[in-house]
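Reader: Can you walk me through this one? I'd like the interface, then the sheet.

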Protein chains: 2
Amino acid sequence: MSSVKDAPKSAHITWSHSSVSREQRLKLTGHGAATVWFTGLSGSGKSTLAVRLEQVLVERRVQAYVLDGDNIRHGLNRNLGFSPADRTENIRRIGEVAKLFNDAGVIVLTAFISPYRADRDAVRALMPDGEFIEVLVECPIEECERRDVKGLYKKARAGQIPEFTGISAPYEAPERPELVLDTQRDDVEACVARVLDELERRGILP
Amino acid sequence: MSSVKDAPKSAHITWSHSSVSREQRLKLTGHGAATVWFTGLSGSGKSTLAVRLEQVLVERRVQAYVLDGDNIRHGLNRNLGFSPADRTENIRRIGEVAKLFNDAGVIVLTAFISPYRADRDAVRALMPDGEFIEVLVECPIEECERRDVKGLYKKARAGQIPEFTGISAPYEAPERPELVLDTQRDDVEACVARVLDELERRGILP
């Protein structure tokens, strides 16, 4: 059993911490593992896509699990706020948890704004090559604000949320995401189909 | 999809954050989920038991995963030390991660000294009733020190490790663990068999 420190960082070498090999996990689940990292503005559709994708995958007998604000901010990261340092630590922990899930053979779907490029790139660097799939969920801020599912834009405009991504804090879009989805143009099922295609193309799904 | 804040804390109500129900997960994996929390002195055999149990479970086509120092201390908890506050935060995060794995349908096996009763009880309080299985791995400290697999007791006796559980820091044994294993008396396979029996008795394994 190799320790994390010995983990190879080079391409095409799969790393497993577990005493159970990657091959054994693959045989058990029937599929590979990866992290599908949805990033985009509040209201762009990240959670909706992640949750629908999870349902479709589980119906296909694929081990998949969503990490989002609901199960992370109220649990693991309940002791973090929204300062830049805390946002960075928030994403770092989520990346480490996603890596553990992947190691256990589970496909992870994350739905966090994750506005800083450096934070997302740090997560990418944790993962074996090809197992971090960054998905930019594109939607004009005007449309996100129109949807305003959680009423957050209204609060942000009223100055009740000090650092709100897209209003009073920056969103740094990925430069080379594995996938770009346009949730203003395409519906949920079309977007989910594109992620499934990408997972198949990469051999993560059979 | 209910939020964590709405999670029922009362007995016999299973909580699922995921959009995928407990029943769907059960159908997918063919087994229930739980956290088997091994606790005991350094060298008592926690990791050996967890790793062997993981192998046996995966051979039985059970989704199981070990969380231990190797994959936690070098990853998620790399920014924590060994002060009492950091030890508490270490165990808190592990508990939250174990809960996420359980929610995803994976049986978690943890191997941490976890010397403080309050920290373990806080993890228990996170979990649905009956899904936290505390296993005291008993072994006289003299035998642990004789084994001294990692050479830590030698260093602790030489004063090179300031707060070492059992030497210069306390170990608070569980008062009502679900299981007590004696690794001086029983071999690995016998101990693993007892955990398997317990998981079957509780209906977590078929």
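Author: What follows covers the interface and then the sheet. This is a predicted model: local features need pLDDT of at least 70, side-chain atom pairs count only at pLDDT 80 or more, and totals for chains, interfaces and linings use all residues. Residues are numbered from 1 along each chain as its sequence is written, and side-chain values use heavy atoms, without hydrogens and water.

Reader: How many residues of chain A are in contact with chain B?

Author: 41 residues of chain A are in contact with 42 residues of chain B (contact means heavy atoms within 4.5 Å).

Reader: And what area is buried between chain A and chain B?

Author: About 3,900 Å², with carbon and sulfur atoms giving 59%. That is the accessible area (1.4 Å probe) lost by two parts on being put together, summed over both. In chain A, A:Leu28, A:Gln63 and A:Leu100 lose the most area to chain B, together 17% of what that side buries.

Reader: How many salt bridges across the interface?

Author: The rule finds four between chain A and chain B (a side-chain nitrogen of Lys or Arg within 4 Å of a carboxyl oxygen of Asp or Glu). B:Arg93 and A:Glu89 meet in a salt bridge at 3.9 Å, N to O.

Reader: Now the sheet. What is the strand order in chain A?

Author: 2-3-1-4-5, an open sheet of five strands with parallel pairing. Strands are DSSP runs (E, at least two residues), numbered from the N terminus, and two strands pair if DSSP finds at least two bridges between them.

Reader: Which strands stand at the edges?

Author: Strand 2 and strand 5 (179-182) of chain A; each has a single partner strand, so one side of each lacks a neighbour in the sheet.

Key
Chains are lettered from A and ligands numbered from 1 in the order in which they are written. Helices (H or I, at least four residues) and strands (E, at least two) are DSSP runs, numbered from the N terminus.
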